[in-house]
Amino acid sequence: MVSLILVNIFAFLLFLFIVWRRLKEDYLSEHIFSLSLVTALGLLSGYLVARQFAPAYWFWMEILGILIGYMVIVLKTKLKFYETLEALVIGYLYWFGIYWAYLFIKTPSIITLLATLLAICFIILFYLLNKSYRNFSWYKSGRIGFSGLTTAGFFFLTRGATASFFPFMLSFSGKSEAVLSGAVSFIIFLLVYNLSRQGE
């Protein structure tokens, strides 16, 4: 338990740095730290609520906690939706990657290995998209947010596809996982489409 706490503290500090580095040019540091801290508290709250009432849905309760914290801060401080969401996506990918890598080191298994490798792949995908998305002819707006949203969309799409074949894997909520992940992926890709059309 102590080692898990220390790993999560390290992951949180890295998450904090990544979010701050991506947003420091456009936002006050106090707003960036508030965004990071409140969403992290939302994640923790979601985990604690899930442990008490819905253990099988701990991942989704964490996501819900993050989103609630995110919306509270965005509405309060008037931060831009897509830019800050993108920073959170890459920040939390690092956090989740570190968490799964820790589980793999502690209890090696094909599941923890695949989860770690997928986290790494999504991080790489984010940076590849971030480097080249302005060159996509169909992405007419050229606005920031494409990389984060697209990576998140593929993340949930992958969860949904995997859950269709292995519904009882760790962090999956059983047979409903494919539906939940697929629905979230669809909503995210709608946001990507909406973002691509802005400014026309």
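This is a predicted model: local features need pLDDT of at least 70, side-chain atom pairs count only at pLDDT 80 or more; totals for chains, interfaces and linings use all residues.

Reply: Residues are numbered from 1 along each chain as its sequence is written, and side-chain values use heavy atoms, with hydrogens and water left out.

Me: Why is T39 called buried?

Reply: The relative accessible area of T39 is 0%. Buried means under 20%, exposed over 50%, and partly exposed in between (1.4 Å probe, protein chains only). So T39 is buried.

Me: Which residues does T39 touch, beyond those up to four places away in sequence?

Reply: They are F15, I66, G69, Y70, L88 and Y92. Contact means heavy atoms within 4.5 Å. T39 itself is found in helix 2, residues 29–53. Helices are DSSP runs (H or I, at least four residues), numbered from the N terminus.

Me: Why are helix 1 and helix 2 called oblique to each other?

Reply: Helix 1 (residues 2–23) and helix 2 pack at about 140°, with axes 10 Å apart. Axes are lines fitted to C-alpha atoms over the stretch in contact, and angles run from 0 to 180 degrees between N-to-C directions. Under 35 degrees is roughly parallel, over 145 roughly antiparallel, 65 to 115 roughly perpendicular, and the rest oblique. The pair is therefore oblique.

Me: Which residues make that contact?

Reply: Helix 1 gives F12, F15, L16, V19, W20 and L23. Helix 2 gives S29, I32, F33, L35, S36, L37, T39 and A40. They divide into 11 nonpolar, three polar and no charged. Ala, Val, Leu, Ile, Met, Phe, Trp, Tyr, Cys and Pro count as nonpolar, Asp, Glu, Lys and Arg as charged, and the others, Gly among them, as polar.

Me: What makes N8 partly exposed?

Reply: N8 lies in helix 1. Its relative accessible area is 23%, so N8 is partly exposed.

Me: What joins the side chains of N8 and W95?

Reply: A polar contact of 3.0 Å. The term needs a pair of N or O atoms within 3.5 Å; within protein, one must be able to donate a hydrogen and the other to accept it, and residues adjacent in sequence count only if both atoms are side-chain atoms.

Me: Why does K78 count as exposed?

Reply: Its relative accessibility is 68%, so K78 counts as exposed. K78 sits in the loop between helix 3 (58–77) and helix 4 (81–106). Its phi is positive, about 65°, although K78 is not a glycine.

Key:
Helices (H or I, at least four residues) and strands (E, at least two) are DSSP runs, numbered from the N terminus.
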